[in-house]
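Hi there,

Here is the structure I promised to pass on to you. Have a look at it first, and then read on for what turned up.

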Amino acid sequence: MGGSPGPTLSHVNDTKGGVRHAILIDPADQTPDMAAKRCVAAVAAGSKMILVGGSTGTDMQNVHNTVVAIKEALELITWASTQDSDLQEDSWIVPVVLFPAGAAALSPAADGITFMMLMNSTTPQFLIEEQLAGAPYIREAGVETLPMGYVVCAPGGRVGEVGEADLLEENQPERAAAYAMTAQSYGFELLYLEAGSGAEKPVSTNLIKSARESCDLTIIVGGGIREGSVARAAAQAGADWIVTGNLTESFDDADELQRVLTEFISTMNG
Ligand code: 1GP
């Protein structure tokens, strides 16, 4: 164990090219087949990571079936791209990463798992207990762990409630800085600032900026981001990754989703 970082962590931490987009797939909201179609559209639009998870309604079976369907669809296109010079092979190599609500929703087929501490939870369940329950399974399955501090910011939504989070408020940049420093001191590699899925307001740029100035970690921001311009503001404040879940799930038509995400990513990049 230990040694050099695995391929998924290296991909996630490779921030030289600027901000990147990740899609979040909630297995409770769609069939594995629909999830795979959405992921193919997103990757064609330029998304560079697929997160699979949700706060409620996920279990081993729907998570695993979803991960397998996504990986099979992407592998097929990667193979096709080796036969067709119009398709760029490298751009289809995108990791499928578990973003679990707890130890009961994992899959051995994933390329990695955000192994996280919900740092501002007030319950030991999300600070350490779910991790203890999941660690032996993850070790056995050989899934690469991405050590991550996860901080739920106001308004927080469902994950704030389920996680019993003491929400990080917009006017608390010093607290954001302290979480960023703590995450780095624990040896985490990633810091995820979360406003909650479907949040009316995304994470405040003040908080992102303060975290950015206080650590060298890869910063992921998500929750309530529906416009490329909002993603751009988060990126300018210091986000390395922008995650969208609801935006992706609001389109059933793959071509339309690809168009919307292409535009989103282009605006995000400025
Ligand atoms: C939730 O940050 C993610 O964990 C994505 O949120 O569904 O609002 O895009 P949205």
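A residue counts as buried when its relative accessible area is under 20%, and as exposed when that area is over 50%. Keep in mind that this is a predicted model. With a relative accessible area of 13%, phenylalanine 188 is therefore buried. Tyrosine 186 has 54%, so it is exposed. These two residues, tyrosine 186 and phenylalanine 188, form a stacked aromatic pair, with 5.4 Å from centre to centre and 15 degrees between the planes.

How many aromatic pairs are there in the whole structure? The search finds four. Another of them joins phenylalanine 99 and tyrosine 192: the ring centres are 5.1 Å apart and the planes lie at 5 degrees, so this pair is stacked. It links distant parts of the chain, since phenylalanine 99 sits in the loop between strands S3 and S4, while tyrosine 192 belongs to strand S6, 93 residues apart. Both phenylalanine 99 and tyrosine 192 are buried. Ring pairs also bring in Tyr150, giving a cluster of Phe99, Tyr150 and Tyr192.

Now for the helices. Helix H2 (residues 32-45) packs against helix H10 (residues 254-269) at an angle of about 35 degrees, and their axes are 8 Å apart. The crossing of H2 and H10 is right-handed. Residues making the contact include Lys37, Arg38 and Ala41 of H2, and Leu257, Gln258 and Leu261 of H10. Sorted by class, the contact has eight nonpolar, two polar and two charged residues.

Enjoy exploring!

Technical notes:
Residues are numbered from 1 along each chain as its sequence is written. This is a predicted model: local features need pLDDT of at least 70, side-chain atom pairs count only at pLDDT 80 or more; totals for chains, interfaces and linings use all residues. Side-chain values use heavy atoms; hydrogens and water are left out. Rings of Phe, Tyr and Trp (its six-membered ring) pair if their centres lie within 6.5 Å; planes under 30 degrees apart count as stacked, over 60 as edge-to-face and the rest as tilted. Helices (H or I, at least four residues) and strands (E, at least two) are DSSP runs, numbered from the N terminus. Buried means under 20% relative accessible area, exposed over 50%, partly exposed in between (1.4 Å probe, protein chains only). Axes are lines fitted to C-alpha atoms, for helices over the stretch in contact, and angles run from 0 to 180 degrees between N-to-C directions. A crossing is left-handed if the near helix is turned anticlockwise from the far one by less than a right angle, and right-handed if clockwise. Contact means heavy atoms within 4.5 Å. Ala, Val, Leu, Ile, Met, Phe, Trp, Tyr, Cys and Pro count as nonpolar, Asp, Glu, Lys and Arg as charged, and the others, Gly among them, as polar.
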